[in-house]
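Here are some notes for a colleague who has the coordinates open and would like a guided reading of a few places. Please go through the points in order with the structure in view.

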Amino acid sequence: QEAMLKQTVATLDVTLAIAPDDADLIVLVASALGRLAQIQGNPTFAGPERAAEATATVARALDLAGRAWAGKRNDWQFVSQHLITLLTKANMLRNHGQPAEGLEVLTLAQQRCAEALDERLSDVGRANLLELSANIATNLAHFNDHSGRPSLGRPQEALRWYGEAEQAFRALYGNTTLLAAMNRDTDPGSPAAEEWANHNIANVFVGRALVHQKLGDAAAMKREVEAAITLRQDNLRRAPTSAIWRQSLMFDHNYLSLALLRLGDAPAALAAAQIAWVTAADRLREEGPDSQWVATQGNFAPQYARALSACGRCAEALPIFDIALRRAEKLLAEADTPAAREQLATLQADRQRAELAG
């Protein structure tokens, strides 16, 4: 994809040099560069050594889009790609430890989206931009507070933005006209709009649950995750073979086990942890030892081991604790932080207690 996009940009640049003020041509180049930036700036696809290349690509894409904005903000496809490019830049900044700067970019994306929504748009165009607007709100929540990535550490502000995102998603997906337009625009084989509705709203619930976890409110965390699981299960009934819906449900059960352990409900925590563990094991068997699910199982292991131990199944818990300890030792070797040290020490103590009890 990257090679094809680079070739496309090179071809368009020849024409752009001849007609530098052609708005339609500027839009084409900006959109192609935006898609290229998504690949270059995604840490899953590209290593940190490509940061400078990705930064240059996204900067040029946004510069060109800015030149075309005033006359083209009624073109929802151009606007959609422009907003995605802004989201790409914001996340690149956050990945480099600059969430405050990323937040400024998200604020611009929010403003641009509102400007475009004031234009006369088709139903499908309006639906797509409203969905993007809600996703921007979700990102604003992430940048304010997130347990796994750089954020500003403002949980109450994150909860406010999650509320905004949920309201926006429900307003969009509750509009039958816009929902029908989205389904008409869906590619064959892609999830229906109703499934994306469940998925996006469930993601809001889970995001909010993780903020409650940080705030020490296990009951609120449990309530949010259970609401998410209900939506995920509906998606899996609609599309039983979907890997995306299956994986989402797997992660949600892991979060549920965390909340239930904190609430002292060991049997329920074990039931939830087993669902997450077995699903990850199935994916590992399907994809082999080099798949991402090796690390995922390591992340699930502490909850599963602690739930087994809390239910008196200490002998079964010991090898699971060992998997968790190997993962914790690896993370400590990669980044020697107080949190990593505490996690390792707590796991060592929990394993020792399980061994003594067994």
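Predicted model: local features only at pLDDT ≥ 70, side-chain atom pairs only at ≥ 80, totals over all residues.

1. Threonine 279 is found in helix α12, which covers residues 266–287. Is threonine 279 buried or exposed? With a relative accessibility of 14%, threonine 279 counts as buried, because the cut-off for that class is under 20%. When residues up to four places away in sequence are left aside, threonine 279 touches Arg246 and Met250.

2. Turning to helix packing, the axes of helix α7 (residues 155–173) and helix α9 (residues 193–214) come within 10 Å and cross at roughly 165°. The two helices, α7 and α9, are therefore roughly antiparallel to each other, since angles over 145 degrees fall in that class, and their crossing is left-handed.

3. Which residues bring α7 and α9 together? On the α7 side the contact includes Pro155, Leu159, Tyr162, Phe169 and Tyr173, while the residues they and their neighbours meet in α9 include Trp196, Ile201, Val204, Phe205 and His212. The residues of this contact between α7 and α9 divide into 14 nonpolar, four polar and three charged.

4. Alanine 192 lies in the loop between α8 (176–184) and α9. At 24% relative accessibility, alanine 192 counts as partly exposed, because that class runs between 20% and 50%. The C-alpha atom of alanine 192 is separated by 23 Å from that of valine 225, and the two residues are 33 residues apart along the chain.

5. A further pair to inspect is helix α14 (residues 314–334) with helix α15 (residues 338–357), whose axes come within 9 Å and cross at roughly 165°. It follows that α14 and α15 are roughly antiparallel to each other, and the crossing of α14 and α15 is left-handed.

6. In the contact of α14 with α15, the α14 residues include Cys314, Leu318, Phe321, Asp322 and Glu329, and those that α14 meets in α15 include Arg341, Leu344, Leu347, Asp350 and Arg351. The residues of the contact of α14 with α15 divide into 13 nonpolar, two polar and six charged.

Conventions. Residues numbered from 1 in each chain as written. Heavy atoms only, no water. Axes fitted to C-alpha atoms, helices over the stretch in contact; angles between N-to-C directions. Helix = DSSP H or I, 4+ residues; strand = E, 2+ residues; numbered from the N terminus. Parallel < 35°, antiparallel > 145°, perpendicular 65-115°, else oblique. Left-handed = near helix turned anticlockwise from the far one by under 90°. Contact = heavy atoms within 4.5 Å. Nonpolar A, V, L, I, M, F, W, Y, C, P; charged D, E, K, R; others polar. Buried < 20%, exposed > 50% of the residue type's maximum accessible area, 1.4 Å probe, protein only.
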